[in-house]
Structures are given as structure tokens and as C-alpha cells.
Amino acid sequence: MDELTNLLDQLSSSKKLDRDRGLTAFLKWVESLDPVSFTSLTSILESEVDKVKKVTRSTELIDGDFDYPCKWESHYAILAVFKVMVAHPWSTEIFCEAVKDFCIASLTHIEYRVRIAAGECLGGLCMKFGSSIYVDIKDIILSGIRDNLERDMAKDESPNIYLEEAGQIDGNASPRTSTLMMAERMANFDEHTKKIFHDTAGWKNLETFMKCLQSVIDGCGVHFNKQINQELLDLIFTALTHTNRFVRETGYQVCGSLVSCNSQALGSEEKPDKLADSILIFGMQFAKHLASGLADNWSQVRLASSQATRQFLAALDAESMSQYMPLLLPRMCLNRYYVAEGVRIYSQETWRKMAGDDGKLLVQKYIKPTVEFYISQSEADNHAVREAACSCIAELGSKIDKECVRPYVPSLLGTLKVCFEDDSWPVRDAACMASGNFIYCFPEEAKPYLEQLKPLFFENLKDNIPSVRSGAAHSLANVTKVYENELAAELLKLIEDSLKAVENQKANTDKYGGLEKGPATYSVVKQARDNDADLHTNNTMYSCGSLAPKMGRGGSKDKGGCMHSTFRRQAEPWEVAEGCAHLMSELSVIQTLHQPISALLPLLAAAVSHREYTQHVVLLETLCKIMPQISRNIGKRLFKPHLELFFEPIFYSLSCDNALTSSAASQCLNHLSNYLGPNILRGRVEMYNPHLLSQLQANVMVAPM
């Protein structure tokens with residue numbers, strides 16, 4: 001059996017890629033064996049188990065050193081082989097019994113990958129022999145979960161605890177290195193920081209015992225239904241409210257496996273109603289905990305709960321599903337706009353599968369709990385949740401039957417007003433867009449709020465973030481469409497004053513603008529002073545992905561975390577002008593404002609002629625982007641008299657070093673050529689400056705970026 005020795009050596013490699021290749025090779029090799037060779041193989045493997053047992057001391061130290069007492073890969077290799085062997089039809093009950101005993105002993109191994117492999121192997125045994133395996137090992141698994149639900153914080157500060165979890169700290173570093181580094185770091189943590197660490201780090205063997213239970217449930221499949229009882233659910237539900245996010249995530253994965261058993265039962269030909277009884281009996285308990293997970297602060301927990309929710313709903317018919325919709329539907333709706341892409345995409349797909357073409361009708365049917373949940377989420381500590389809530393509120397105004405939403409408009413607008421003053425700019429932006437949409441859809445109900453919201457619209461119009469300024473312009477245009485008499489003159493005066501004020505723009509605002517020159521990441525504006533070490537010493541520790549409270553609501557000064565989106569400074573004149581340029585473009589769709597907008601075009605041309613400051617290319621880029629829209633909206637008769645005013649800034653932008661500005665200018669010329677006619681544009685350019693014809697011709701020949 002030299003080939004077996006080589007395969008076991010490969011499966012025991014320290015490199016995961018080699019172990020994966022070894023497992024694939026072992027699968028092919030086992031398939032080629034005859035019954036006699038297979039029986040001989042089982043005997044050899046049993047002797048290998050004895051060798052591993054002799055060198056395995058999973059909970060002891062050697063001479064007080066922080067090194068692994070044995071090579072865990074050898075233990076892992078045996079379990080990987082056993083998983084393949086027990087699935088084979090020639091494996092005997094005696095051999096499988098020995099495998100079961102070895103797997104049970106491995107559930108408390110020091111290395112978490114060994115514990116995971118042991119659980120998967122037990123799941124393979126359940127797949128072969130059914131729920132009888134679970135009955136035999138139930139007490140061990142459940143006691144393993146129960147005993148590890150709590151941990152002694154004082155004891156956990158000792159280095160030994162990190163030795164037990166070293167495999168979870170850093171898969172690339174040696175156990176000794178990881179352990180010593182973590183022990184040293186923990187010695188310098190204050191009590192609050194230690195608590196946060198324990199909320200986010202591995203939780204001893206609890207997570208792997210939960211994974212083992214999940215593997216067993218998946219292995220038993222539909223036959224696990226009769227094992228579901230209140231005692232088991234109480235234990236799992238305790239994990240769903242655990243302080244550690246990894247435990248909660250695994251708990252929801254176990255719930256997904258439980259409800260999947262019922263989904264399989266519904267498709268079973270053998271007494272489907274009786275098999276599916278457990279989900280009907282415990283359905284409301286499942287729904288309440290799934291609803292909690294769908295609103296969890298951690299994205300990974302939300303995703304696990306979203307997956308379990310889809311499986312839960314798949315196990316129900318339409319009549320049974322309706323009783324859980326008031327709890328689950330609002331949360332599923334909100335997660336379609338959640339900031340984490342995985343959660344968002346998965347929730348959107350779940351919505352399509354569950355609702356089909358009846359999504360609007362479902363929301364209208366459960367409009368009261370939906371509105372209440374959106375409002376509650378607008379008050380969440382997590383700024384990303386507040387942003388999603390504002391987006392969902394905007395959706396209610398634009399997609400749902402107006403008569404259904406009308407009774408809730410005052411409370412929704414009140415909520416948006418609070419979010420309008422949020423510290424986080426993405427929340428302000430979402431609230432601004434939603435407010436403009438609601439005022440447009442419900443002008444009568446929104447009129448009492450106009451004077452309160454108008455200053456907030458104006459603040460967003462001159463915000464430091466370009467997308468916020470653009471959103472404010474769009475929202476103000478929506479408001480103007482229904483309140484033109486009250487707002488149009490004021491907005492036109494604001495545009496005029498702002499464009500004139502660009503001449504007061506100070507040169508070189510880049511030096512102390514407070515920003516790094518690189519683009520912002522994850523909607524974060526990073527201040528240059530963030531590199532000051534004093535700002536990051538002896539402060540509260542936050543995890544980058546934790547979505548812990550970072551932004552205060554409604555102007556709160558409570559800040560924290562490393563991904564904050566709060567950023568406020570005095571607006572520069574060019575920024576205000578850029579927001580007003582967007583506003584001109586948005587207002588140009590209103591027919592009665594075509595003449596006033598046309599009259600403002602010379603001021604816009606004068607504003608972009610000031611180039612003493614570094615960011616003038618941003619204003620030029622905006623000009624090139626809005627010019628095609630303005631020209632089409634106000635018509636050729638009003639636009640062509642001012643066309644030559646914009647030749648110089650457009651051709652200047654075309655040849656500038658900024659790629660975005662140059663691309664916008666190229667596309668602007670193409671749009672104007674299509675709208676006015678290529679010969680007319682060429683003639684006007686030639687009349688203005690014949691030397692520009694070469695650039696115009698070159699732009700026609702080169703596709704824009």
C-alpha cells in the first residue's frame with residue numbers, strides 16, 4: 001500500500017492546496033479498489049488511528065511551551081479519509097462504529113479544523129445510518145454546546161486560552177507566534193476593549209460543536225424531523241442571542257438546516273404532512289428569531305439569517321406563510337438596500353423568488369408593520385441601517401399605492417427630517433432623496449413640512465460630497481414641480497448668487513482642504529490628520545466590519561470606529577456653484593423655467609472661467625455633463641445664442657490632464673453634435689476659433705472614455 005502512504009502524506013501536508021489535491025486523488029483511488037482491497041484498507045486505517053491516538057494530547061502543554069503537542073494535519077488526514085470511507089457502500093458497521101468513536105474524541109481537539117472535520121465525518125455517518133447516529137451522540141454534542149455557551153472572562157485572559165484558539169487567530173502564522181502576539185496584546189487591553197474582543201473573536205469550542213450539529217442535521221435530512229423538540233430549539237435559540245457574532249452566525253446556519261429538513265419533508269412522498277409538523281408547531285419561534293437575525297448589526301449574521309429565512313419560507317405553503325409575514329417581510333424588504341453587497345443581492349433574489357410579481361401587493365397588505373419597522377430602523381445605531389431605511393421609505397412613496405401610504409406620510413416625513421440632520425453623509429443623502437420624492441408624491445400632506453425641510457435641502461446642495469449635492473439638486477427639482485410658485489424665484493436667486501460667488505474662490509484650497517488626494521473608500525472621506533498616531537492610541541477598539549455604533553443621529557457628536565462617514569466643513573464657493581449647476585440642469589425640465597435658466601447660462605460660463613484653484617476641473621466636469629441635458633430641455637432656440645460661451649471651457653476640458661474631465665468634455669461634444677447637427681456645430685466652432693477644428697475632428701475620430 002505504498003500509494004496509500006503517499007496519499008496520507010499528501011493529506012497531512014501543511015499546505016491546504018496539497019491536502020485538497022490529496023483528497024481528490026484518494027477519492028479516485030478508493031473508487032478503483034475491489035472489495036478485498038477495500039477491506040484491507042479499513043484494517044490499515046484502523047492501525048493508523050492507533051498511531052495518531054498515541055501522539056495526540058489535545059489539551060496539554062509540553063514543558064510549558066506554547067507549541068502544538070502534535071501535528072494536527074495527521075489527525076485531519078485520518079478524518080478526511082474516514083469521511084470518504086463511510087460514504088462507500090462497502091464500509092461495515094464495525095468500521096463505522098470505530099470511526100464514530102474517533103470522531104467523538106476529535107470534537108475537543110485543539111485545532112478547529114480537526115473539530116470541523118470530525119463533525120463533517122459524523123454527518124457522513126448520519127447520512128449512511130440515519131438519525132440513530134444522532135441519538136447515540138446527542139448528549140455529547142448538546143452538552144458540548146451547553147457547556148461552552150459561557151466563558152470565564154478572567155480565565156480567558158491567560159495565555160493558555162489563546163493556545164486553544166490559536167488555529168482561529170491566524171491560519172498562516174505558527175501557533176506559537178499567534179498565541180504570544182495575542183497574549184501580549186490582551187495584556188494591554190482595558191476591560192471594555194477585552195469585552196469587544198470576546199464579542200468578535202472565536203468562542204472556544206462552541207462554534208465547532210454547533211457546526212457538528214449542523215453537519216449531523218444535514219446528514220440525517222428529513223429523518224431528523226422527529227428529533228426536533230423544544231429542548232433542542234431552546235439550546236439553539238440561546239446561541240442566536242449570544243454575544244459573539246460567530247456563534248450567532250453558526251446558530252442561524254443550524255436553523256437553516258433545521259427548516260431545510262421540513263422543506264425536504266414537504267417534497268417527500270412518505271407522509272409529508274406528518275413529517276412537516278415540526279415547522280408548523282415551532283414556526284412562530286423560528287420566525288421571531290429569524291426576524292432578529294435579519295436586523296443584526298453584523299453583516300455575516302444577517303446573511304446567515306437571510307439564508308435560513310429563505311429556507312424557512314420554502315418549507316411553507318402560502319396559507320401558512322401569511323402568519324409570519326408581518327414579522328419577516330419588512331426586514332426582507334429593508335435588506336434589499338443593505339450596504340453589504342452579499343446581504344443585498346441575496347435578499348433581492350429571495351424577494352423575487354418569494355413575491356414574484358406581487359411584491360407591491362404584499363407590501364401594501366402589510367403596510368403598517370412595514371412602516372413601523374422602517375421608522376424603527378431609522379433610529380438604529382448603525383448608520384448603514386439608517387441609510388437603508390431612508391431608501392426603503394423613498395421606495396414606499398414612489399412604488400406603493402398612494403392611498404395606502406397616505407396615512408403614514410406625516411410620520412415618515414418626520415423620520416426623514418431627523419435623518420436629514422444625521423452625522424453620516426450617506427444617510428443625509430438618502431433622506432434628502434426620499435424627502436424630495438415624498439413631497440412630489442404627496443404635496444398636500446407634505447406642505448406643513450416644507451419650511452422645515454427647505455433649509456436642509458439647501459445645506460445638502462452645498463455639501464462637501466459631490467453625490468450629496470447632486471441628490472439635493474434632484475430633490476429640489478421635485479419639490480419645485482409641485483411648489484413652483486413658492487420656491488422657483490428663491491432657487492433662481494440662489495443659483496445666480498452662487499455662480500457669481502465663484503470669483504471669490506481662494507486659490508489653492510487643496511493644501512489645507514483636510515483631505516487625502518486619493519478617492520474615498522466605502523463612502524468614507526479620510527481626513528489627512530487621521531495619520532496622527534496620537535489620535536489612535538489608548539482609544540476604544542472597534543472592528544472594521546463590526547458596524548458598531550459609529551455615527552450619531554440628528555447631529556449627535558458621538559463618533560467612533562474606523563469607517564465613519566461623518567465629514568463637515570465650511571463649503572467652498574466652487575462647491576456651492578457646482579451644486580447649483582446640477583440644480584440648473586434639474587430645473588431645466590420644468591417648462592415655465594426654460595427662459596430663466598437660459599438667462600443664467602452666461603453666469604455659468606463666467607463661473608467656470610475662474611481656474612486659480614485646484615478643483616476647477618471638477619466644476620468643468622460637471623459643466624460638460626449637464627450641458628447636453630440643459631440644451632435638450634430648454635430647446636435650440638434658447639440654447640444656441642449662448643453656445644459660443646461654452647466652447648472655450650469645453651475645449652479646455654478636452655485637453656486637460658484630468659481623465660474624468662477630458663472624457664466628460666469628449667462626450668459633451670458628441671452629444672451637442674448629435675443634437676445640433678455635426679455641420680452646424682463645426683460651423684459654429686470655426687466661427688469662434690478655427691484652430692479648435694482639429695481638436696473637434698480628433699474627438700470625432702476617437703471614441704470617448
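This is a predicted model: local features need pLDDT of at least 70, side-chain atom pairs count only at pLDDT 80 or more; totals for chains, interfaces and linings use all residues.

1. Side-chain atom pairs count only at pLDDT 80 or more.

2. Cavity count and volume. The count comes to one cavity of 30 Å³ or more. The volume of the largest cavity is about 50 Å³.

3. Cavity lining. Which residues line the largest cavity? The lining is made of Leu294, Ser306, Thr309, Met332, Asn335, Tyr346, Ser347 and Thr350. Two or more of these residues come from each of helix H19 (299-314), helix H21 (325-335) and helix H22 (341-355). The most is given by H22, with three residues. By class, five lining residues are polar and three are nonpolar, and no charged residue takes part.

4. Trp351 in H22. Helix H22, which gives the most to the cavity lining, also holds Trp351. Is Trp351 buried or exposed? With a relative accessibility of 10%, Trp351 falls under the 20% limit and therefore counts as buried. Along the chain, Trp351 and Arg310 are 41 residues apart, while their C-alpha atoms are 9.0 Å apart in space.

5. Aromatic pairs. The model has 14 aromatic pairs. One of them joins Phe82 and Phe102, with ring centres 5.9 Å apart. The planes of Phe82 and Phe102 stand at 85 degrees, which is over the 60 degrees required, so the pair is edge-to-face. Phe82 belongs to helix H4 (residues 72-86) and Phe102 to helix H5 (residues 93-106), so this contact ties together parts 20 residues apart in sequence. Both Phe82 and Phe102 are buried.

6. Aromatic cluster. Which residues do ring pairs link into a cluster? The cluster consists of Phe237, Phe286, Phe312 and Tyr324.

7. Charges over rings. Two lysines are noted here. The charged end of Lys128 sits over the ring of Phe129, at 6.0 Å from the ring centre. Lys481 lies over the face of Tyr440, and its distance from the ring centre is 5.7 Å.

8. Faces of H40. In helix H40 (residues 693-701), the buried residues are Leu693, Leu696 and Asn699. Viewed down the axis of H40, these buried residues fall within an arc of 125 degrees, so they line one face of the helix. Ser694 and Met701 are exposed on the other side of H40.

9. Glu379. Where is Glu379 placed? Glu379 is in the loop between helix H24 (367-377) and helix H25 (383-399). Its relative accessible area is 47%, between the 20% and 50% limits, so Glu379 is partly exposed.

10. Leu416. Helix H27 (residues 409-420) contains Leu416. The relative accessible area of Leu416 is 0%, and the residue is buried. Leu416 and Leu453 are 37 residues apart in sequence, and their C-alpha atoms are 9.3 Å apart.

11. Ile630. The position of Ile630 is in helix H35 (residues 616-634). Ile630 is buried, at a relative accessible area of 0%. A C-alpha separation of 9.1 Å is found between Ile630 and His594, which are 36 residues apart along the chain.

Terms used:
Residues are numbered from 1 along each chain as its sequence is written. Side-chain values use heavy atoms; hydrogens and water are left out. On a 1 Å grid over the protein atoms alone, a cavity is a set of points where a 1.4 Å probe fits but cannot get out, and a pocket is an open set with protein on both sides within 12 Å along at least five of seven lines; lining residues have an atom within 4 Å of a point. Grid points are joined across faces, edges and corners, and a volume is the space filled by probe spheres set on the points. Helices (H or I, at least four residues) and strands (E, at least two) are DSSP runs, numbered from the N terminus. Ala, Val, Leu, Ile, Met, Phe, Trp, Tyr, Cys and Pro count as nonpolar, Asp, Glu, Lys and Arg as charged, and the others, Gly among them, as polar. Rings of Phe, Tyr and Trp (its six-membered ring) pair if their centres lie within 6.5 Å; planes under 30 degrees apart count as stacked, over 60 as edge-to-face and the rest as tilted. Buried means under 20% relative accessible area, exposed over 50%, partly exposed in between (1.4 Å probe, protein chains only). A charge sits over a ring if NZ of Lys or CZ of Arg is within 6 Å of the ring centre and within 35 degrees of the ring normal. The arc is that of the directions from the helix axis to the C-beta atoms.
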